[in-house]
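Hi,

Here is the structure I promised to pass on.

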Amino acid sequence: MSWFPGLEQTAAGRALAAACDPYLRWFRRFPLAHAGNLDLSPVIALAVLSAAAMSLSLVASARSVTAGVVLAAVLTSLWSIAAYALNLLLFIIAVRLVFDLANRYGYSPFWTALDRFLNPIVAFVTHLFGRVLSYRSALVLTLVFFLALRVGLGYGVEFLAGLLK
């Protein structure tokens, strides 16, 4: 409800909180569930529910349930969560890069928070390649690295799931 200020003071907001908070509380304890004042636990919780539903659907649609089918379903479901996270990261890096190229970002708290989030990731990738780069070049390298990782892992998981079925 952090996305809709004031909602928790309404009857509908209290009813929604009573129904959802027990499940969401489990996800709120993880540091990655918070980005500043923004509570991302509903997104994470929905991703977990979606992965569980996908796993059960894949197992139910199989002609026979084997350990390989169950492992393929779990692998595919876990990959869907990881792919979502990678897609979100790619989007954030692309937005930061576009605004950097356009010199339109300024020094607002939003860009400062975004850079604070991205800097460890960018530093990790540039360290992997052992290069000292400008921030713009490091963003491009990070974008290409995670795009290649996303595509490569996608094909790898699909291939492995096919072998397991």
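Below are some notes on a helix pair and on the salt bridges.

First, the ground rules. This is a predicted model, in which local features need pLDDT of at least 70 and side-chain atom pairs count only at pLDDT 80 or more, while totals for chains, interfaces and linings use all residues. Residues are numbered from 1 along each chain as its sequence is written, and side-chain values use heavy atoms, with hydrogens and water left out.

**The H2–H3 pair**

Helices here are DSSP runs (H or I, at least four residues), numbered from the N terminus. Helix H2 covers residues 41-61 and helix H3 residues 67-101; the two pack at an angle of about 155°, and their axes are 8 Å apart. The axes are lines fitted to C-alpha atoms over the stretch in contact, with angles running from 0 to 180 degrees between N-to-C directions. H2 is therefore roughly antiparallel to H3 (angles over 145 degrees count as such). The crossing of H2 past H3 is right-handed, meaning that the near helix is turned clockwise from the far one by less than a right angle.

On the H2 side, the contact residues (heavy atoms within 4.5 Å) include Val43, Ala47, Met54 and Leu58, and they meet H3 residues among them Val69, Val74, Ile81 and Tyr84. By class, this contact has 13 nonpolar, four polar and no charged residues. Ala, Val, Leu, Ile, Met, Phe, Trp, Tyr, Cys and Pro count as nonpolar, Asp, Glu, Lys and Arg as charged, and the others, Gly among them, as polar.

**Salt bridges**

How many salt bridges does a search of the whole structure find? There are three, each being a side-chain nitrogen of Lys or Arg within 4 Å of a carboxyl oxygen of Asp or Glu.

- Aspartate 115 pairs with arginine 96, their closest N and O atoms being 2.5 Å apart. Aspartate 115 sits in helix H4 (residues 109-129) and arginine 96 in helix H3, so the bridge ties together parts 19 residues apart in sequence. Arginine 96 is buried at 2% relative accessibility (buried means under 20%, exposed over 50%, partly exposed in between, with a 1.4 Å probe and protein chains only). Aspartate 115 is also buried, at 16%.
- Aspartate 100 pairs with arginine 136, with 2.8 Å between the closest N and O atoms. Aspartate 100 is in helix H3 and arginine 136 in helix H5 (residues 135-164), so this pair ties together parts 36 residues apart in sequence. Aspartate 100 is buried at 5%, whereas arginine 136 is partly exposed at 32%.
- Aspartate 21 pairs with arginine 28 at 3.2 Å between the closest N and O atoms. Arginine 28 is partly exposed, at 25%.

Best wishes

Methods. Parallel < 35°, antiparallel > 145°, perpendicular 65-115°, else oblique.
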